[in-house]
Amino acid sequence: MLHPRPALPNRWRLAVAFALALMTGAGEAQQTAPAFPNLTHAALTAQQGAPPGISAMAQGPEGYLWLAARDGLWRYDGTSFEHIPAPHGARFAEAAATSLIVTQQGEVWVGYGASGGVAVFRGGRLMDGGMREPPPQIVNLLQGPDGAIWAQWGGIDKRLWRYAGGHWALMDDAFGLPPGYAMPLIRRSDGSLWLPVMSPEQDGAGLAELRPGEHRFRWHPGRFEYPVLAEDAHGQLWVGDRHAITRLDADGRATGPAWPAVPGTGLPTLRFDKTGGLWETTRTKGLLHIANPDDPASRAQVMDAQGGLTSDQTRRMLQDRNGTVWVSTEEGLDRFTRAPIAINHAIATSPIDGIAFAASRDGAVHILNHGNLYDIAMNGPARLRMRLQRETTLCETTGDALWLADSDAMFRLEGHAKRDVSPLPVHMPFGCLRDPQGRSWVLGEDHAVWWQDQAGWHRAGQGKNLLLPGAGLRLGRQGHVAFADGVDGVTVVEGSAFRRIALAPLKLGQLRGIDAGERGFLFTMELGVARLRDGHLAVLTTQDQPWLRTMRTVVRGARGESWFYGPGRLAMVSAQDLDAGFEHPGRPIPHRLLDTGDGLPVTMQHPGFIGTQALAGADGRLWLASASGVAMLDPRTLPALSAPPAVRISGLTFSGGLLRDPDEPVLPPGSSTIRLAYTSPGAAAPEALHFRFRLDGVDNAWVEAENRRATTYTNLGPGRYTFHVQAAGGDGVWGPESLLHLTIRPGFVQDWPFKLLCAGLAVLLLWLAYHARMRAVAAHVRLRMEERHDERERIARELHDTLLQSIQGLILHVEVAAQDLPPREAARLRLEQALDNTQDAVVELRERVETLRLPQAPGDLESSLRRIAQTVLGDRLPCRTMVSGVPQDLSPLAAHELSALAREVFFNALRHAGAKEMLVSINWRRARLDLCFADDGVGIDPAILEAGFREGHFGLPGMRERVARLKGRISIANGASGGLEIMVSLPARTVYADPRGIGAGLLSWLREE
């Protein structure tokens, strides 16, 4: 027998055993079997979010479980319940949902009480179904073979409605429905509709039948009391009422075995599951289940609230696509799953003593607990063989014989007799085995390993055995022996060779178990698994294989597969995948994970019990030690692996509300915070799912969400986003991606017109800043020019008042002196000639001084140009002047530069053009001044125009420099009809003495062509 780990005195061992009994709350009595022993049960009430008063259930194509409840429509994804609110003001908004179907098109139709009529769920919301004068309550909904929707009321009139072509029609008279109270309508596999009717003309209820293609009900008389109908997998019709459940023939008459109803049954419902089992809800007395109603020897089982049901007031039953049976009650939901793993209640166990396993070569499995030895033949049941001492334990062996050890000796069991009895070197054995060489091995309470040959018992190992649950003494498939040796090592015995293997360098934590591998041993450790094969160690870590966490032991199955067993978890890996995993440790290993949802007990047996924790028989069945007893798994009954889970995006919450089942939503401006809810409805094991997601443009990589089913994003800007989400089951295989394309519309300040306006304003501000800068520069230039003008005025006065006066006085003195000479004197003639030249120079100098003092009154530019033309051109070249616009005052610099420019133009026209006439055009504008000088002469050589100057002359460069100083533009070109045209354009800010404000300048610029 297996015992608690510590090697303590007897009184302390008794105390430990007593404490274990208190913790587990069990004695030697056999555990009580559940009401439905082949099914696992889970109760969902308001504490888990389930709505009360569920009247109808249906599963949609997306996997949701839809519920019609007292407070309306709900849906359940396997982990959470979601209420679907009715539209505000709808006539069914405050009514209870009383019936429900999911149509072939995937739409959800809901019937209501309180004359609420029918509603349909489309596009993520409920909408009125269009029944104008609904009955007081819709008790049943059904879709016929032609796709029409049938709605039913249980009263005596207006009982049957049909929806086709977009309209509801009352069918009582049209289809000849017999009078009476109508019970729930069903549709059979042949397409016919059957309806029990409590006829007031008869003592009980008969059956109305509507065959495909017919438009009148056929009547089958009967004497049932509140009957309900169901069809089994063979197409056989069954009826259940307050008295019995029985099979019907083609004419609706009772035939075959009858099962008595639960006493006190009210208004029952009847359904068959996929295995042929029959379920009946009683409305008042719990739930009835008959595993095989065709077999009279089958036992009817009843479950009520005392047995764990959420309520005795059971209403409806539904089996989903995964085979799970759901039963609705007044208080919630009950879930029944046909689990592949179940506790074998034929094997009585006590938590005070551990469970020991052994297998013999004939394929039989032997189980020992509390002195009770059970034999299990291949594919057979467990049978009690005999009772032994409580301290007895089973030994591993490779032979046909069954070896055991107790407090006195180690022996071979033959029938009920002990053979080859050998006294032990220890008082209490914690483990034992018999190797192929005939040697006996025992692990004692002194933490030592002993082995026996013909010379007697010998101590093995260098340190004390850890007395771990699965690391006591283990026998390999090649006959080698292994045991834990100290805190950081394992000793392997191959023949007569003892080899100690250090485990500390593996850095996998503490040893948990030693198990036989294909050609060596597997060491289960805290942080992974190590494999010893052909003298070499290979490692798998929990970091690379997360499913290995908490695993304690490994069992090799009959087909070569490996089963990793830990608290509440069992993983199966094929031999090929496990070998490939050890060869490539970083790659995920394909595996199948089973957990408590598959019937696996939550906890293993107490870790103080040493020895084998699981065993696979030759028939393939797997036997597991747990705190609840011996669990059995037949891998042949495991359902086929389902496809990887698909994800559905169930909701989008934003500032404007909630969108249910969104499809490419467009959100209003300002929706910077959103919450996305997603789920995988209809998954076989929803609690084992884990998710990952990412939002393009926000997440750079997948975000692991574990089992969370919602995420929130904040500070989102306008634009188009794509949300990706995936789910994986317990095997770690990711399912297909689900995508949601959503758009957040920009607000005014986020849209492109506002951005364009901002860009325009920025350009305008830059332009205004530039013009303000130019105005400042122009003001500075004008200030400097005024200073220069004042300086020129001063120089002109000085020249006029000093130099010219002095020269004029000198001329007078020379004239007086010249008059004193004889008239014909040569010297007088030369002196008079010099005086004439001097007088000409004085005149020219006076003109130059007058130029320095050119006045700037309005119109002065025109008169100045005329005077300059008269001075330079005289009568030799006529000059006409044209003026347009309002004349402005010129700045001193502009007046000077324009005068000099005009002199140069007139001089060149007179000297080089050979012209007959000249034209000067002055165009005063708000923002600029345009001047044009044109003649009808010979023009200018194009080569000179291209070069920009004439060799040895500086007239053209001088004109360009003057215009450039005024920030203007000059164009010199030959005219189309001959002659030369000089166009000058000058900005108002540099030529006008008083330029206008920025706003006026901008308005002028906008108005100009």
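This is a predicted model: local features need pLDDT of at least 70, side-chain atom pairs count only at pLDDT 80 or more; totals for chains, interfaces and linings use all residues.
Visitor: Which residues touch the most other members in the largest nonpolar core?

Guide: A core here is a set of buried nonpolar residues joined through side-chain atoms. The largest one has 40 residues, and Leu861, Phe906, Leu929 and Phe933 touch the most other members. Two or more residues come from each of α5 (860-873), α6 (892-913), β69 (918-924), β70 (928-935), α8 (955-965), β72 (980-987) and α9 (988-991). With 10 residues, α6 gives the most to this core.

Visitor: What is leucine 861 in contact with, leaving aside its neighbours within four places in sequence?

Guide: Leucine 861 has contacts with Leu890, Leu898, Ile922, Trp924, Leu929 and Leu931. Apart from this core there is a second, separate one of 23 residues, which includes Ile674, Ala705, Tyr713 and Leu716.

Visitor: How many aromatic pairs does the structure hold?

Guide: It holds 26. For each pair, read the distance between ring centres and the angle between planes; under 30 degrees counts as stacked. Phenylalanine 92 and tyrosine 112 are a stacked pair, at 4.9 Å centre to centre with 25 degrees between the planes.

Visitor: Where do phenylalanine 92 and tyrosine 112 lie?

Guide: Phenylalanine 92 is in the loop between β5 (81-84) and β6 (97-102), and tyrosine 112 is in strand β7 (residues 108-112), so the pair ties together parts 20 residues apart in sequence. Phenylalanine 92 and tyrosine 112 are both buried.

Visitor: What are the distance and angle for tryptophan 279 and phenylalanine 336?

Guide: Their rings are 5.4 Å apart centre to centre, with 50 degrees between the planes, and the pair is tilted. Tryptophan 279 belongs to strand β24 (residues 278-281) and phenylalanine 336 to strand β29 (residues 333-337), so this pair ties together parts that are 57 residues apart in sequence. Tryptophan 279 and phenylalanine 336 are both buried.

Visitor: Which residues do ring pairs link into a cluster?

Guide: The cluster consists of Tyr678, Phe691, Phe693, Tyr713 and Phe723. Tyr713 is also among the residues of the second core.

Visitor: Which residues form a nonpolar patch on the surface?

Guide: Phe748, Val749, Leu757, Leu761 and Leu764 form one, and together they have about 480 Å² of accessible area.

Visitor: Is valine 749 buried or exposed?

Guide: The label follows from relative accessibility, and over 50% counts as exposed. Valine 749 is exposed because its relative accessibility is 54%. Valine 749 sits in the loop between β67 (738-744) and α3 (752-819).

Key: Residues are numbered from 1 along each chain as its sequence is written. Side-chain values use heavy atoms; hydrogens and water are left out. Patches are made of residues with over 30% relative accessible area and no salt bridge: like charges are joined within 9 Å, nonpolar side chains (Val, Leu, Ile, Met, Phe, Trp, Tyr) within 5 Å. Accessible areas come from the Shrake-Rupley method with a 1.4 Å probe; for residues, only the protein chains shown count as cover. A salt bridge is a side-chain nitrogen of Lys or Arg within 4 Å of a carboxyl oxygen of Asp or Glu. Helices (H or I, at least four residues) and strands (E, at least two) are DSSP runs, numbered from the N terminus. Buried means under 20% relative accessible area, exposed over 50%, partly exposed in between (1.4 Å probe, protein chains only). A nonpolar core is a set of buried Ala, Val, Leu, Ile, Met, Phe, Trp, Tyr and Cys residues joined through side-chain atoms within 4.5 Å. Contact means heavy atoms within 4.5 Å. Rings of Phe, Tyr and Trp (its six-membered ring) pair if their centres lie within 6.5 Å; planes under 30 degrees apart count as stacked, over 60 as edge-to-face and the rest as tilted.
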